[in-house]
Amino acid sequence: MTTVPQQIEAPPARAGAPVEREFTVRSRSQTQQALRRFLRNRLAVGALIFYAIMLLIAFAGPLFYGWTFDEQDGSSLSAGPGTNGHPLGTDTIGRDLLALMMRGIQRSTFISVTFIVIAGVLGVLIGALAGYFGRYVDNILMRIVDVILTIPVLVLIIVIAANYPEARSPLGIALFIALFGWMDLSRIVRGQFLSLREKEYVEAAHALGASNRRIILKHLIPNSVGQIIVWATLGTALAVIIEAALSFLGYGVQGSDTSLGRLVAEGAAAAESRPWLFYFPGLAILAIVLSINLIGDGIRDAFDPSANRVRA
């Protein structure tokens, strides 16, 4: 006798009975979680948008603006804002202040980005070697860092700039700042590596025969990227301030080129009679530094492991 299998249907759910629901859990990487936290920080996002608009105006504006930074208007010497087609006025030789400020933001941005690249490479390299190998390598490298930190950097840069005036170009100033501005990053990376090298995945990589170079580049540096990004944002603001200080003291960008610091230095002498020459570039520096600091604070909070986790 053949038995025919029967399909048993589940009884219908009774009214008021609990309904089973399916939950989907999505795992996110540290970078994705940090990005979500950053986007929820309205102040940092607003600062990022503002800074991006400033850079867009500075780099794309000269393509459409009617005046160049080195063009002189002989009929408008020291003209006030809104005079003869000059929205922010002109300087003593008839150069448009808005065009000069756009050029100044370009130069200041170039200096800060060059500083971040050079100092970032030096700081990550020295910090990675000291933190990963430890022992005598750590002792030697950190003692060198301690010695350099005892040197007044701004005074040393002024001495070098005074003896080598031909090096006072945007690239030269960026090199001056970078050669003495990588120590903080090296200490940050060293501290990260001292902690990360004890993790299980590093021991597993050693057991699988991975080289020290691969472990540093593929495992340790990517897991330290949050702290490096925070340093980069704050270092950008620091480079702008140092460049402005050097230009104000007369050791900044020379020749026909300009920068925000140089504009402030040139306008300081006429701050009472022609205040626009001093206050507009000064406000631009203040806005750049403030926005970058707010962005850096937002990134630091986003990568903070003690922050609350963001749920889907």
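Predicted model: local features only at pLDDT ≥ 70, side-chain atom pairs only at ≥ 80, totals over all residues.
Visitor: What goes on at the start of H3?

Guide: Aspartate 96 has a side-chain oxygen that comes within 3.1 Å of the backbone nitrogen of leucine 98.

Visitor: Which residue follows H3?

Guide: That's glycine 134, and its phi is positive, near 65°.

Visitor: Buried or exposed?

Guide: Arginine 95 counts as buried, since its relative accessibility is 15% and the cut-off for buried is under 20%.

Visitor: What is arginine 95 in contact with, neighbours within four places in sequence aside?

Guide: Phe69, Glu71, Gln72, Gly89 and Thr90, plus Leu100 and Glu266.

Visitor: New topic: how many cavities of 30 Å³ or more turn up in the whole structure?

Guide: The search finds 1. The largest cavity holds about 30 Å³ of space.

Visitor: Which residues line the largest cavity?

Guide: Its lining is made of Tyr51, Leu55, Ile105, Ser108, Thr109, Ser112, Val240 and Ile288.

Visitor: Where does the largest share of that lining come from?

Guide: H3 again, with 4 residues. Helix H2, residues 42-64, also supplies at least two, as does H3.

Visitor: How do those lining residues divide into nonpolar, polar and charged?

Guide: The lining of the largest cavity has 5 nonpolar residues, 3 polar ones and no charged ones.

Visitor: Okay, zooming out. How many helices and strands does the protein chain have?

Guide: It has 12 helices and 0 strands. Reading from the N terminus, the elements go α-α-α-α-α-α-α-α-α-α-α-α.

Visitor: What percentage of the chain's residues count as buried?

Guide: 40% of the 312 residues do.

Visitor: Last one: among contacts with a separation of 6 or more, what share comes from residues 24 or more positions apart?

Guide: Those pairs account for 69% of such contacts in the protein chain.

Technical notes: Residues numbered from 1 in each chain as written. Heavy atoms only, no water. Polar contact = N/O pair within 3.5 Å; in protein donor to acceptor, adjacent residues only side chain to side chain. 1 Å grid on protein atoms, 1.4 Å probe; cavity = no way out; pocket = protein on both sides within 12 Å on 5 of 7 lines; lining within 4 Å. Points joined across faces, edges and corners; volume = space filled by probe spheres on them. Nonpolar A, V, L, I, M, F, W, Y, C, P; charged D, E, K, R; others polar. Buried < 20%, exposed > 50% of the residue type's maximum accessible area, 1.4 Å probe, protein only. Contact = heavy atoms within 4.5 Å.
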